[in-house]
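Colleague: I would like to learn how to read a model like this one. Could we go through it feature by feature?

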Amino acid sequence: MSERSLDAASLQMLRVAAGRGVETVWDRLERQQPQCGFGDLGLCCRHCVQGPCRIDPFGDGPQRGVCGATADTMVARGLLRAIAAGTAAHSGHAKHLAHVLAKVAGGSAKDYAVKDDAKLRAVAARLGVDGEGKDTLELARAVSQAALAEFSEKESPQAWAVSTLTHGRQEALGRLGAVPGGIDAAISEVMHRTTMGVDADPLNLLAGGLKCAVADYAGCHLATDLADILFGTPQPVVSEANLGVLKERAVNVALHGHNPVLSDLVVTAAGEVQQEARAAGAEEGINLVGICCTGNEVLMRHGVPPLTHAISQELPILTGALDAIIVDYQCIYPSLVQVAECYGTRVVTTMGIAKIPGATHLEVEEEKALEQSKEILRLAIVAFQARQGRPVEIPAVKTKVVAGFSTEAIVAALGKLSSEDPLKPLLDNIVNGNIQGVVLFAGCANVKVPQDRNFITMAAELLKRDVLLLATGCGAGAFARHGFLDPAATLRYAGPGLMAVLTAIGEANGLSGPLPPVLHMGSCVDNSRAVDVAVALANKLGVDLDRLPVVASAPEYTTEKAVSIGTWAVAAGLPVHLGVVPPVLGSRVVAETLTAGLKELTGGYFIVETDPLQAAARVYEAIQQRRAGLGLATRAFAEVG
Ligand code: BF8
Ligand code: SF4
């Protein structure tokens, strides 16, 4: 089992699954072996029905598809379609929020409100939307219109992309033709140019991929901004993580998926039906817990405990104590329904575009979302009553979590050290080497990697070398479950320079100790928050992003969304580590461009390294190269053992 996960609670539930013959994602991976070698290399194409076509990587068999497409063309086209799919997912989520904001402004979504007027005004000002004399709802209408206008093609460059980047980056992307005119337009252009008989030039295709990835960045940033406007900008919050947060005597309800539109209201609804739950015999009322990025959204804003993440999403059901899983969209395994059937857990789908056979579908409409949220919770109460008398096994595994580090929260915390110039302490400590650099850990868990291994191994290596760590998505979840979001972990893992800085900030903020060594910035769309921090640092230093000692890492990535984010991080000028080999090795041109050639164009590049120790060394090395480029003192990896 230990080759499957490093997480004690997951391992305990995997033993339960094995004992009861319940199939999980790990079993299905085994049953898929051997997986297709052509697919692994990116050497297959199904873009028309003269295919499917594949290229022989050894050079003996066919070297062209039926239409004449080469390996380079196929690999690049495949990569582009992944970027487009990821962009569609993030921006579908963003568009959903834009519609809700428009409904709030128009008065038809009474259960929602603008919770953060200051953020609304800050976003409006950044976009050049005039807020003068406008009340909150008038301005909300204007911002929602500006947001919806971001999706279709327009003459002007995308406001959310350009207004949030450095001037240097705007120019660099402009020179590459990588500033999209609209998010949907960029996705549609990729689908066009990758269909049969259009773009066959791998380099031209990759340029198109960068443009679509920048559209994805805009979508992510838009999603973060509008979620903050509607539900509040996160502030530091204390919670707990892992399966031990389930309570036998509570109605346990997991919120899973990505969007706060429903989940945030379920938090409100839970407060209102607590009494009903108690009356039904649940002494501890309703216990909301989170899975994946919906979990991150409600952790960041309400302290809802993160239960588990991505590949282990089936396992909480095996405790026998989970009464319902409410899902919206993305990263939801259809297999949840089969596991749930064995235990009586209600799986409730809520979005018209994301149904699962066998689940209960209750389509949520923003006009009556609060009432519908209560209705769903009542289904969970019924499930709770039905499980009485059946045994539960809740692993006694949970960790303390401090999360809620939005950009605004980080700046406010730094402001306690230097109110006039909040970024100064961070910058000074990077310059003097107390902080060697910053790594943003992002992305998913991948069942091909022992769960959490790459995140934990790399983080430990980087922290002791004084690298400040930020985290989002399921990566942040891995850190949560292994105690890295607990301030106590700073004492255990941080090198002396980093420890001094985190302690100074913590104490200035009235904590009796340091900040946690990994700052949880939110869900995957909230990678945009990390960009905001990097842009602020770059502007203060007077350099572009491609010179900062900042690296991104997705050491266990899985999804197409992660591919888009990785690509926009490279477009932004960052080195980006991938701990799982992407399906591009069938084309030397594509692989070399991604890992080296792009450096000349954007300053960013991919580092592909599956061994976490080697990966930590290479990420650290990338930081040191950037330090040297800025004329800062450098330190070799081997200097700290
Ligand atoms: O958007 S990290 S597995 S849950 S894709 Fe999915 Fe990956 Fe998790 Fe969040 Ni992000
Ligand atoms: Fe084959 Fe070309 Fe059709 Fe792809 S587009 S399936 S390579 S014929």
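This is a predicted model: local features need pLDDT of at least 70, side-chain atom pairs count only at pLDDT 80 or more; totals for chains, interfaces and linings use all residues.

Modeller: Start where a helix ends.

Colleague: Which residues of helix α16 are buried?

Modeller: Look at the spacing first. An α-helix has 3.6 residues a turn, so residues three or four places apart point the same way. In α16, which spans residues 424-431, the buried residues are P425, L426, L427, N429 and I430.

Colleague: And what covers the buried residues of α16?

Modeller: Helices and strands both take part. The cover includes the helices α15 (407-415), α20 (496-508), α21 (527-541) and α24 (612-629). It also includes the strands β11 (437-441) and β12 (467-472).

Colleague: Next, peptide bonds. Which residues does a cis bond join?

Modeller: Read omega. Q33 and P34 are joined by a cis peptide bond, with omega at about -10 degrees. P34 sits in the loop between α2 (25-31) and α3 (37-41). Another cis bond runs from G51 to P52, where omega is near 5 degrees. P52 belongs to the loop between β1 (44-45) and β2 (53-54).

Colleague: Back to phi. What is phi at Q330?

Modeller: Q330 is not a glycine, yet its phi is positive, about 80 degrees. Q330 lies in the loop between β7 (322-327) and α13 (336-343). C331 is also a residue other than glycine, with a positive phi near 65 degrees. C331 is in the loop between β7 and α13.

Colleague: Now a residue in a helix. Is L127 buried or exposed?

Modeller: Apply that cut-off again. L127 is buried, because its relative accessible area is 17%. L127 is part of helix α5, residues 117-127.

Colleague: What does L127 touch?

Modeller: Set aside residues up to four places away in sequence. L127 then touches A146, A159, W160 and S163. Take W160: it is 33 residues from L127 along the chain, and their C-alpha atoms are 7.3 Å apart.

Colleague: Which residues surround ligand 1?

Modeller: List the shell before sorting it. The residues around ligand 1 are H258, C292, C293, A310, C331, G443, C444, C474, C524, T559 and K561. C331, with its positive phi, is one of them.

Colleague: How does that shell divide?

Modeller: Sort by residue type. There are 7 nonpolar residues, 3 polar and 1 charged.

Colleague: Last one. How far are the polar side-chain atoms of H258 and K561 from an oxygen atom of ligand 1?

Modeller: Take the distances one by one. For H258, a polar side-chain atom is 2.6 Å from an oxygen atom of ligand 1. For K561, the distance from a polar side-chain atom to an oxygen atom of ligand 1 is 3.3 Å.

Notes:
Residues are numbered from 1 along each chain as its sequence is written. Chains are lettered from A and ligands numbered from 1 in the order in which they are written. Side-chain values use heavy atoms; hydrogens and water are left out. Buried means under 20% relative accessible area, exposed over 50%, partly exposed in between (1.4 Å probe, protein chains only). Helices (H or I, at least four residues) and strands (E, at least two) are DSSP runs, numbered from the N terminus. Contact means heavy atoms within 4.5 Å. A residue is near a molecule or strand if one of its heavy atoms lies within 4 Å of it. A polar contact is a pair of N or O atoms within 3.5 Å; within protein, one must be able to donate a hydrogen and the other to accept it, and residues adjacent in sequence count only if both atoms are side-chain atoms. Ala, Val, Leu, Ile, Met, Phe, Trp, Tyr, Cys and Pro count as nonpolar, Asp, Glu, Lys and Arg as charged, and the others, Gly among them, as polar.
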